[in-house]
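Hi everyone, thanks for coming. Please have a look at the model on the screen, and I'll walk you through a few parts of it.

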Amino acid sequence: MAKPMAIMLAIVALVFGGLYGFNAFRNMMIKGFLASMANPPQTVSVTTAGVQEWRPKLTAVGTFRAVNGADLSLEASGIVEKLHFQSGQQVEAGQLLLELRKDTDLARLAALKASAELAGVNLRRDQAQLKIHAASQASVDTDIANLKSAEAEVAQQEAVIAQKTLRAPFSGRLGIRAVDLGQYIGAGSVIVTLQALDPIYLDFTLPQQALNGIAVGQSIDAGVDAFPGKKFTGEIVAINSKVDQASRNVQVRASLANADHKLTPGMFAQIDIATGKPERLITLPQTAIVYAPFGNSVFLVQKSAAADDKGAGLSAQQAFVRLGATRGDEVAVLEGVTEGATVVTAGQVKLRNGSPLKISDTPQPPVDPDPKPVDQ
């Protein structure tokens with residue numbers, strides 16, 4: 001009986017030992033598998049939060065217009081007899097520009113002057129005869145009226161002749177001539193445009209909320225696509241006395257010096273107006289911000305006690321922030337980030353609190369506070 005019992009116990013011990021060994025092997029494999037499933041370090045780009053001088057500013061778009069600008073024309077019609085200007089010429093106020101043919105008008109003027117002289121002779125003769133009672137006072141009064149009427153007709157004809165002569169109403173630069181010698185032009189036909197270019201006005205609109213930040217005499221900077229990288233400085237000279245009810249915008253006019261005539265009426269301009277006093281604020285690239293409906297946040301880089309120079313021991317920590325104004329690629333951070341903090345700027349999509357990090361060695365593109373799009 002003892003021998004079968006021993007064999008049975010040995011078999012039972014062998015079975016239980018196999019089960020124990022299998023469970024131990026299984027647990028070891030599961031532990032290894034779970035260890036291999038650990039979150040690997042995520043490669044990210046970072047920047048250091050720094051303090052910069054930040055001055056609030058308003059931006060707008062506007063259009064240049066001349067201080068004085070007109071399409072010149074004549075009140076009378078006729079044939080162009082003389083041209084006294086060239087396209088693009090700089091002229092002075094009162095300078096003769098064009099004459100129409102006026103032979104018939106001059107002949108009529110001569111006749112009217114002769115009539116006026118005759119009326120004057122008759123008046124003087126009757127006045128002399130009145131003194132010796134050889135003419136009546138009524139005759140003298142009639143002569144006076146005839147003389148005044150003749151002089152008025154002379155003045156009227158001189159005005160008609162003057163209407164056939166074009167002079168510059170103000171100093172400025174002429175545009176391209178629109179008529180030719182010998183051409184018949186009607187009354188009101190545009191002959192040439194004249195623009196006074198120095199100084200030059202810049203008209204633009206701002207929302208009504210901006211009225212508290214602008215004033216007459218305030219400096220502005222204007223950029224024009226025709227001269228990339230160049231800033232033209234001027235000052236506000238007028239603010240409209242009412243706000244447009246449809247758009248709730250107010251029209252503003254600035255004046256800029258334009259001695260070299262680089263700026264011309266009709267050009268489009270981008271305008272910057274500095275408002276308020278400069279502040280020192282923490283700024284970050286806008287790519288560092290995780291925008292979300294429940295609040296904007298950033299990921300900060302935290303170092304554990306075991307962190308080394310090779311980047312091991314770094315982890316991500318999400319922090320909610322309160323943002324200020326933006327300036328190009330930059331955004332001001334009012335709360336949530338301290339100066340000198342290391343902030344993730346690329347790769348936030350794959351991060352969560354506690355994610356291990358690896359810092360990328362790839363150079364980051366520069367952060368430009370005033371970026372300009374470049375056509376490819």
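Let's begin with helix H3, residues 137-162, which has 26 residues. From its first C-alpha to its last, H3 reaches 38 Å, close to the 38 Å expected at 1.5 Å a residue. That expected span is 1.5 Å times one less than the number of residues in the helix. Helices (H or I, at least four residues) and strands (E, at least two) are DSSP runs, numbered from the N terminus.

A quick word on the source: this is a predicted model, where local features need pLDDT of at least 70, side-chain atom pairs count only at pLDDT 80 or more, and totals for chains, interfaces and linings use all residues. Residues are numbered from 1 along each chain as its sequence is written, and side-chain values use heavy atoms, with hydrogens and water left out.

Which residues of H3 are buried? They are Val 140, Asp 143, Leu 147, Ala 150, Val 154, Gln 157 and Ile 161. Buried means under 20% relative accessible area, exposed means over 50%, and partly exposed is in between (1.4 Å probe, protein chains only). An α-helix has 3.6 residues a turn, so residues three or four places apart point the same way. The buried residues of H3 pack against helix H2 (103-131) and strand S7 (165-167); contact here means heavy atoms within 4.5 Å. Asp 141 is also in H3, but counts as partly exposed because its relative accessibility is 40%. Asp 141 and Val 192 are 51 residues apart in sequence and 49 Å apart in space, C-alpha to C-alpha.

Now the nonpolar cores. A core is a set of buried Ala, Val, Leu, Ile, Met, Phe, Trp, Tyr and Cys residues joined through side-chain atoms within 4.5 Å. The largest has 22 residues, and those touching the most other members are Phe 64, Leu 202, Phe 204, Leu 206, Ile 220 and Leu 256. Strands S3 (57-72), S10 (192-207), S11 (219-223), S12 (231-239), S13 (249-256) and S14 each give two or more residues to this core. Apart from it lies another core, of 18 residues, among them Val 91, Ala 168, Val 179 and Ile 185. In soluble globular proteins, nonpolar side chains tend to be buried together.

Follow Ile 220 with me: its contacts beyond four places in sequence include Leu 202, Leu 256 and Asp 272. Asp 272 sits in strand S14, residues 268-274. Is Asp 272 buried or exposed? Asp 272 counts as buried, because its relative accessibility is 17%. Leaving aside neighbours within four places, Asp 272 is in contact with Lys 57, Leu 58, Thr 59, Ile 220, Asp 221 and Lys 231.

Finally, some backbone details. Asp 198 and Pro 199 are joined by a cis peptide bond, with omega about 0°, and Pro 199 is in strand S10. Arg 248 is not a glycine, yet has a positive phi of about 60°. Arg 248 lies in the loop between S12 and S13, and is partly exposed, with a relative accessible area of 45%. His 261, also not a glycine, has a positive phi of about 60°. His 261 is in the loop between S13 and S14, and is partly exposed at 22% relative accessible area.
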